[in-house]
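Please look over the structure below before reading on. The paragraphs after it are meant to be read with the sequence and the coordinates at hand.

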Amino acid sequence: MDLFQKCISDPNAERLHMARELNVYPYFHVLESRQAPVVQMEGHRVIMLGSNNYLGFTEDPEVIAAGHAALDKYGTGVSGSRFLNGTLDLHLQLEKELAAFTGYEDCMTCSTGFQTNLAIISAICGKDDYILNDRENHASIYDACRLSFAKVMRYRHSNMEDLERILQSIPKTAGKLIVTDGVFSMRGDICKLPEIVALAQKYGARVMVDDAHGFGVLGPGGRGTAAYFGLTDKVDITMLTFSKSLASIGGCMLTSHKVADWLRHVSRPFIFSASLTPSSAATALAALHRLIQDPERPTRLMNIAKYFQKGLINAGIRIIEAPTPIVPIFTYETMDTLWYGKKMFEEGVYVNPVITPACVEGECLLRTTLMATHTEPVIDEAVGIIARVLREKPDHK
Ligand code: PMP
């Protein structure tokens with residue numbers, strides 16, 4: 001069979017074809033303004049409920065000014081990897097301040113969050129090791145597992161009996177890493193970290209948390225999932241992205257000096273890829289400074305998220321009421337979900353339709369996310385539109 005046949009006939013291609021046929025294709029909408037609570041998209045005003053800009057720092061004047069200043073001082077790019085010609089004093093400052101803020105000994109930055117997961121897991125786990133992976137972990141963790149050549153065991157989502165059953169089946173002396181998202185990106189639920197840590201201690205495993213959606217959101221001053229549970233010293237590695245609460249792009253690993261020093265010298269995704277651009281590093285650092293100056297911002301984020309959740313519940317809409325700014329609205333069936341997403345966009349609210357393979361068939365949803373800068377009148381307007389659209393019957397069939 002021709003290698004490219006799949007591009008027109010595999011299940012992904014078929015779903016894509018159908019979405020286009022039914023005029024409910026949901027991807028690659030074009031933003032023509034800043035990432036903000038209300039944006040300009042494809043010529044019209046849209047309330048943004050589909051951004052991970054949780055703290056709203058992408059339009060903060062100090063963060064923007066820091067990006068400009070770094071461009072002026074260091075130029076546009078670094079041309080190479082941290083390992084050789086791509087280390088700026090700015091990278092070192094960012095790493096030092098992130099480690100101090102989160103309570104870890106050391107920090108290593110990479111150019112995206114995705115790359116950070118590859119850099120950590122592919123280096124730290126080898127063919128004789130075991131990775132225990134929550135089934136709903138992010139795609140980058142799955143890909144990192146493949147790159148590691150380790151034996152990968154998936155446990156049912158946040159199911160501690162299943163995790164323990166798997167731990168019992170692994171040779172006692174083998175190296176083991178339990179990896180979990182801190183906050184799960186689709187449904188917004190928080191991992192069962194105390195139980196995970198207890199199991200790790202019982203079975204001699206290490207723990208890694210992907211805190212892409214927990215940092216800036218949970219814990220004292222937004223320090224993240226491990227701090228939320230008071231377990232920073234029990235989480236061996238925390239991974240962050242800068243693309244969400246820190247309003248930039250990039251990622252980092254937080255861990256001990258011993259692990260970070262070794263990884264800096266052996267991790268291929270880290271060594272063989274160019275480092276963060278000066279303006280990306282500077283904006284992430286400035287956003288961190290803004291978070292430190294304004295430690296109540298994560299509380300404001302949660303307050304507006306709760307206000308939104310209450311509005312949806314009062315309107316009779318089925319959601320998961322997680323203690324995070326991710327609010328999933330259930331729409332169940334794939335084409336209905338795409339239809340509702342499109343209709344909401346036309347009516348002035350942007351949400352992210354989540355369909356298979358990102359969720360189980362029949363459990364599709366509209367993923368909505370809040371920013372600390374959303375206001376109650378804007379949220380009232382959004383709830384009104386969402387409720388009105390959800391009362392309609394999809395007419396795509
Ligand atoms: N981990 C999680 C849980 C994520 O949601 C994401 C991005 N959506 C990543 C890692 C990758 O981060 P980045 O977009 O910064 O590459």
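The model is predicted, and local features are described only where pLDDT is at least 70, side-chain atom pairs only at pLDDT 80 or more, while totals for chains, interfaces and linings use all residues. Residues are numbered from 1 along each chain as its sequence is written, and side-chain values use heavy atoms, with hydrogens and water left out.

Around the ligand there are 15 residues, of which Gly 113, Phe 114, Asp 210, His 213 and Ser 243 are the closest; a residue counts as near when one of its heavy atoms lies within 4 Å. By type, this shell is made up of three nonpolar, nine polar and three charged residues, where Ala, Val, Leu, Ile, Met, Phe, Trp, Tyr, Cys and Pro count as nonpolar, Asp, Glu, Lys and Arg as charged, and the others, Gly among them, as polar. Helix α5 (113-124) gives the largest share, three residues, and β8 (237-241) also supplies at least two; helices (H or I, at least four residues) and strands (E, at least two) are DSSP runs numbered from the N terminus.

Ligand oxygen atoms lie 3.0 Å from a backbone N or O atom of Gly 113 and 3.0 Å from a side-chain N or O atom of Ser 243, while a ligand nitrogen is 3.0 Å from a side-chain N or O atom of Lys 244. The protein covers 83% of the 390 Å² of accessible area that the ligand has on its own, an area computed by the Shrake-Rupley method with a 1.4 Å probe.

Side chains of opposite charge can pair when their charged atoms come close. The structure holds 16 salt bridges, each a side-chain nitrogen of Lys or Arg within 4 Å of a carboxyl oxygen of Asp or Glu. In one of them, Glu 381 meets Arg 45 with the closest N and O atoms 3.0 Å apart; because Glu 381 lies in helix α15 and Arg 45 in strand β2, this pair ties together parts that are 336 residues apart in sequence. In another, Arg 156 and Asp 162 meet at 4.0 Å, N to O, and Arg 165 is linked with them in a network. Asp 162 is buried at 4% relative accessible area, whereas Arg 156 is partly exposed at 44% (buried is under 20%, exposed over 50%, partly exposed in between, with a 1.4 Å probe and protein chains only).

Definitions and conventions
A polar contact is a pair of N or O atoms within 3.5 Å; within protein, one must be able to donate a hydrogen and the other to accept it, and residues adjacent in sequence count only if both atoms are side-chain atoms.
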